Amino acid sequence: MEGRDMMRDTVLAKAVIGQDTLLRKIGLVLTGSLFVALAAQVSVPFFPVPMTLSTLAVLIVGLTFGSRMGAATLLAYLAEGAMGLPVFANGMNGASLVGPTAGFLYGYVGMAWLAGLAVEKGLARGVVSTALCGIAVSALLYIPGLAWPAAVMGKTVPELWAHWMAPFLIGDAVKAVIAAMVVYGGWKALEARRG
């Protein structure tokens with residue numbers, strides 16, 4: 001089933017916590033930013049950009065929180081790093097905001113927003129459609145991710161393809177499918193609890 005009944009409420013987080021209050025929103029933002037920070041620490045060294053579970057966490061946050069809360073969560077994550085907290089890959093902090101991965105970090109805000117928007121617009125309703133939206137959103141992350149090293153470090157298109165993009169494509173697709181299954185599973189668990 002492609003989840004016809006699944007998304008009666010706009011986003012999973014709202015369906016689970018109910019009425020939005022300022023305190024609940026703050027709690028979601030802080031919990032979501034911690035989730036992304038922990039996922040960033042699951043890192044496989046790869047030059048010049050480490051392979052992490054960050055994009056998986058960003059997709060899950062966007063798909064469950066919605067566009068505005070997802071973007072706010074990732075802005076909080078960037079702010080935490082800028083304040084010196086070791087939230088980025090390999091325990092890095094604000095220095096990463098000007099390093100080789102900065103374009104990807106800034107792009108996470110748009111990634112979460114687009115994933116949440118896909119849910120809100122009804123484009124991500126089941127596992128298949130959510131995975132496809134996740135793959136598309138993950139692909140769009142490469143725009144700021146590659147623009148940064150091209151502009152700041154003078155990297156060429158062949159270098160960007162060989163070292164910054166090609167090695168990550170399959171992993172990004174797998175993470176999009178995992179995010180879709182997690183979110184779909186969350187909806188199914190909620191439906192079962194309500195039923």
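Which helix is T55 found in? T55 is found in helix α3. Helices here are DSSP runs of H or I with at least four residues, strands are runs of E with at least two, and both are numbered from the N terminus. Before going on, a word on the source: this is a predicted model, in which local features need pLDDT of at least 70 and side-chain atom pairs count only at pLDDT 80 or more, while totals for chains, interfaces and linings use all residues. Residues are numbered from 1 along each chain as its sequence is written, and side-chain values use heavy atoms, with hydrogens and water left out.

Back to T55. T55 is buried, with a relative accessible area of 8%. Buried means under 20% relative accessible area, exposed means over 50%, and partly exposed is in between, with a 1.4 Å probe and protein chains only. Not counting residues up to four places away in sequence, T55 touches Y108, M111, L141, D172 and K175. Contact means heavy atoms within 4.5 Å. T55 and Y108 are 53 residues apart along the chain, and their C-alpha atoms are separated by 7.7 Å.

That brings us to Y108. With its neighbours within four places in sequence left aside, Y108 is in contact with S54, T55, V58, L74, Y77 and L141. The largest nonpolar core has 51 residues, and L74, Y77 and Y108 touch the most other members. Helix α5, residues 102–120, provides the largest share of this core, nine residues. A nonpolar core is a set of buried Ala, Val, Leu, Ile, Met, Phe, Trp, Tyr and Cys residues joined through side-chain atoms within 4.5 Å. As background, nonpolar side chains in soluble globular proteins tend to be buried together.

Next, the aromatic rings. How many aromatic pairs does the structure hold? It holds three. Rings of Phe, Tyr and Trp (the six-membered ring for Trp) pair if their centres lie within 6.5 Å; planes under 30 degrees apart count as stacked, over 60 as edge-to-face, and the rest as tilted. I will show two. F104 and Y142 form an edge-to-face pair, 5.9 Å centre to centre, with 90° between the planes. F104 lies in helix α5 and Y142 in helix α7 (residues 142–153), so this pair ties together parts that are 38 residues apart in sequence. Both F104 and Y142 are buried.

The other pair is Y106 and W148. The centres of these rings are 6.0 Å apart and the planes are at 50°, so the pair is tilted. Y106 lies in helix α5 and W148 in helix α7, so the pair ties together parts 42 residues apart in sequence. Y106 is partly exposed, with a relative accessible area of 39%, and W148 is partly exposed at 24%.

Now the pockets. On a 1 Å grid over the protein atoms alone, a pocket is an open set of points where a 1.4 Å probe fits, with protein on both sides within 12 Å along at least five of seven lines; lining residues have an atom within 4 Å of a point. Grid points are joined across faces, edges and corners, and a volume is the space filled by probe spheres set on the points.

The largest pocket holds about 450 Å³ of space. It is lined by 28 residues, and V49, P50, A89, T101 and Y108 lie nearest its centre. Which element gives the most to the lining of the largest pocket? That is α5, with four residues. The lining of the largest pocket divides into 18 nonpolar, eight polar and two charged residues. For these classes, Ala, Val, Leu, Ile, Met, Phe, Trp, Tyr, Cys and Pro count as nonpolar, Asp, Glu, Lys and Arg as charged, and the others, Gly among them, as polar.

The second largest pocket has about 280 Å³ of space. Of the 14 residues that line it, V11, D20, F65, R68 and M69 are the closest to its centre. Its lining divides into six nonpolar, three polar and five charged residues.

Last, two exposed residues. N90 is in the loop between α4 and α5, and N90 is exposed, with a relative accessible area of 54%. Phi of N90 is near 60°, a positive value in a residue other than glycine. L132 lies in helix α6, residues 127–140, and L132 is exposed at 53% relative accessible area.
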